[in-house]
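Please have the sequence and the structure open.

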Amino acid sequence: MRVLLVGSGVIGTVYGAHLGAAGNQLSVLSHGSRTDEVAAMGLSARDALDGGSVESSATVVPDASGTYDIVLVSVRRDQLASASSGLMALAGHPAVIFFGNNPAGRSAIPADLPGDVYLGFPGVGGVMTSGTADYVLIGQQPTALPHATDPRLAELETALTSRGFAVQRVADMDGWLIYHAAFVACVAAALYRCGTDPVRLASDRKTLTLMCRAITEAFGALHDKGMAGLPRNLAILHNPLLRPVAVRYWARTMRSPTGELCFAAHSRHAEGEMRALGDDIKARITNSAAVTELLRS
């Protein structure tokens, strides 16, 4: 497939490097010094747990006017508008997949964007180190793709699974993204209370308990509003009856490399995005004491 990457941070680099290794033709939309690195050195990703690495070459293009099968957009929420504007130049009718925190869902993306627009979410977390994406696969959160019959999505899924990525198909990505935003906003708020130090959060039982209460109450409030799409694994973990289990689980997770690479690093480097997610969730959920208290910080 011909793949255009819009965004070459951790997510774009990891997925791009693996898609290139799976035999796909990669282009990266030019944007700042990061794509200068890509032009010079290609895309490089390293598994932070086993040390395995993958590198792929990519062509940096000045605009999106080429013809592509897949366009993978992995930018922050505040960059969605500018990224979408640049995609108006797309030729043909590609599958355009937006990976990232976006509780507004499809409504945040222009209706007249060329191609078939899909929402998804990555199943990795990590940090950039000297041009290489150090990442971990999130076992509890496979890469999310929509439950659609588009053969390009099926080919993308095959390419990813061939590279060791677990993939889940989600029937309601709009709802899934709202629930996930509530979850992420609560975790980030707990980390901010602990100076974005995941090990410190792991030792702070009071904050972890408040975080778990807030997640449970947020999920319940969204469910009561008729919102579908709650990820099953999060629903089970954050059942009120399992709160002690959830607190122990998050204490263990925050002490592991996952705590830093999947949660703390992004909370630290994208604080504006995380705070905005918190504001969005507070606007949607007005009857949760735990959510109000946690997101006050």
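## Model and terms

Helices here are DSSP runs of H or I with at least four residues, numbered from the N terminus. Arg252 lies in one of them, helix α9. The model is predicted.

Strand β9 covers residues 124-129, and strand β10 covers residues 132-137. The two run antiparallel and are joined by 6 bridges. Gly125 has Val136 in β10 as its bridge partner.

β9 and β10 form a hairpin, with 2 residues between them. Ser130 sits in that turn. Its phi is positive, about 50°.

## The positive patch

Helix α9, residues 243-255, gives the largest share, with 3 residues.

Is Arg252 buried or exposed? The relative accessible area of Arg252 is 54%. Exposed means over 50%, so Arg252 counts as exposed.

## The nonpolar patch

Ile236, Leu241, Leu242 and Val245 make a nonpolar surface patch. Its area is about 370 Å².

Where is Leu242 placed? Leu242 belongs to the loop between α8 (232-237) and α9. Its relative accessible area is 33%.

Methods:
Residues numbered from 1 in each chain as written. Predicted model: local features only at pLDDT ≥ 70, side-chain atom pairs only at ≥ 80, totals over all residues. Heavy atoms only, no water. Pairing = 2+ DSSP bridges. Buried < 20%, exposed > 50% of the residue type's maximum accessible area, 1.4 Å probe, protein only. Patch = residues over 30% accessible without salt bridge, like charges linked within 9 Å, V, L, I, M, F, W, Y side chains within 5 Å. Areas by Shrake-Rupley, 256 points an atom, 1.4 Å probe, with all protein chains shown as cover. Salt bridge = Lys/Arg side-chain N within 4 Å of Asp/Glu carboxyl O.
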